[in-house]
Amino acid sequence: MRAGPRLVRNPDLLIGWGDEGLVVQDVRSGIRARVRVETVSLLDFFGRPRSAAEATRALDGLESSSVQRTVRRLVRLGLLLSEGEARRRVSRLKIWRSNLASASYHASCRDELYFQRPEALRKYLRRLAAAPRPPLFKRYKGRARRRLPQFGDADLSSAPLGEVLGRRRTVRLFSPGPVRFDDLAAVVGGTWGQTGWIIGEILGRLVIKTSPSAGALHPIECYVLAWKVRGLTAGLYHFDVAADELRLLRSGNFSTEAVRAASGQRWIRGAAFLCVMTAVFTRTLWKYRAESAYRNLYLDAGHLAQTFCLIATARGLGPFTTAAIQHSYIESLIGLDGVKEFPIYLCGAGVPAEPLRSPRGS
């Protein structure tokens, strides 16, 4: 048997179990292929350049014809590369420092196909409308509640948007003074509150908020740890969007818990409150089933965080955000299952130690 060209394993492969069985995925091209266990041994053999003939001799437990067929299939799928091509390739896993989860997720979300014909889209939406839909809002009924003042233009300062954008800073030094309840209400209501409805042609009423959300599904919930807010009992609250109220879940000073939730960032204790953003993933999955649905959660949270920071700045507060969160601890603190609902982002505010100024005015 002639030696033939030397081949080497694609450097960007991930192997795991999927619904269809054992799967190999190229994180560069996104190609997925169902394989047998023996194929994994074959791919492992080509960890350095070798010929198909060498593989046939080395893997004596497999039939020669089977090895040859499998090698040809792996080459066709791009899972085995010629020695020269492998040398020229820029490996995503190598450049991304073997960050396997990120590479797999990135490959899964690339170049998705979307409906091009209006009738195909309407057919899909009609099928969604006929399926049970997750609740639009989360409610903690029977809890002590505090209604928020109606949010409107008067809740923002008269400063123009450009000035507010210029003054927006991440603040970590705070005055010992408390935040007023009206300021907290404006920030929470203005960020997560409902501002109206739109009527979808097929899907019916959809919620409107001050920030965009994929499919107008608004999967993000807000829980507030408040310990230095004048006119509000210190405690853990849930923001009830449907009623525009804060529902008290537990009383007490939660500043220590806030620091722990934020992975030990002690400066947070000097703020007045911390908002925990959680995601009710089933709301998104009702409409979007592809892997990119998970990405949409974080895009939504990012939109909300910017809105939060701008409203807080306009009210004279010092805002901050952090993704350094302790998921399991927060889930235990609030009482989340970590599957249907889980934390994804933190933002908070306090009275800044120094007034926020635009760099042009400093």
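This is a predicted model: local features need pLDDT of at least 70, side-chain atom pairs count only at pLDDT 80 or more; totals for chains, interfaces and linings use all residues.

Residues are numbered from 1 along each chain as its sequence is written, and side-chain values use heavy atoms, with hydrogens and water left out.

**The sheet**

Select the strands β7, β14, β13, β11, β15, β17 and β16, which in this order form an open sheet of seven strands with antiparallel pairing. Helices (H or I, at least four residues) and strands (E, at least two) are DSSP runs, numbered from the N terminus, and two strands pair if DSSP finds at least two bridges between them. At the edges you will find β7 (145–147) and β16 (318–322), each of which pairs on one side only. Neighbouring strands of this sheet are turned by 25 degrees against each other on average, direction ignored; axes here are lines fitted to C-alpha atoms, for helices over the stretch in contact, and angles run from 0 to 180 degrees between N-to-C directions.

**Strand β15 and its neighbours**

Next, select β15 (residues 273–280), which is joined by eight bridges to the antiparallel strand β17 (residues 341–350). Within this pair, Met 277 has Tyr 345 of β17 as its bridge partner, and Cys 275 stands opposite Cys 347 in β17. Towards β11, seven bridges join β15 in an antiparallel arrangement, and there Glu 221 stands opposite Thr 278 of β15.

Are the residues of β15 buried or exposed? Eight of its eight residues are buried, where buried means under 20% relative accessible area, exposed over 50% and partly exposed in between (1.4 Å probe, protein chains only). Colour Phe 273, Cys 275, Met 277 and Ala 279, which point one way from β15, and then Leu 274, Val 276, Thr 278 and Val 280, which point the other way.

**Helices on the sheet**

Just after α12, Gly 316 takes a positive phi of about 85 degrees.

**A helix pair**

Select α1 (residues 37–45) and α3 (residues 64–77), whose axes come within 11 Å and cross at roughly 70 degrees. These two helices are therefore roughly perpendicular to each other; angles under 35 degrees count as roughly parallel, over 145 as roughly antiparallel, 65 to 115 as roughly perpendicular and the rest as oblique. Show the side chains of Thr 39, Leu 42 and Leu 43 of α1 together with Val 67, Thr 70, Val 71 and Leu 74 of α3, which make the contact.

**Single residues**

Two loop residues come next. Ser 98, in the loop between α5 (92–95) and α6 (100–109), has a positive phi near 55 degrees and is exposed, with a relative accessible area of 54%. His 218, in the loop between β10 (204–208) and β11, has a positive phi of about 45 degrees although it is not a glycine, and His 218 is buried, with a relative accessible area of 11%. For background, most residues other than glycine have a negative phi.

Finally, select Leu 128 in helix α7 (residues 118–130), which counts as buried at 4% relative accessibility. Leu 128 touches Leu 203, Trp 286, Lys 287 and Arg 289, not counting residues up to four places away in sequence. The C-alpha atoms of Leu 128 and Leu 203 are separated by 7.7 Å, although the two residues are 75 residues apart along the chain.

Note on methods: Contact means heavy atoms within 4.5 Å.
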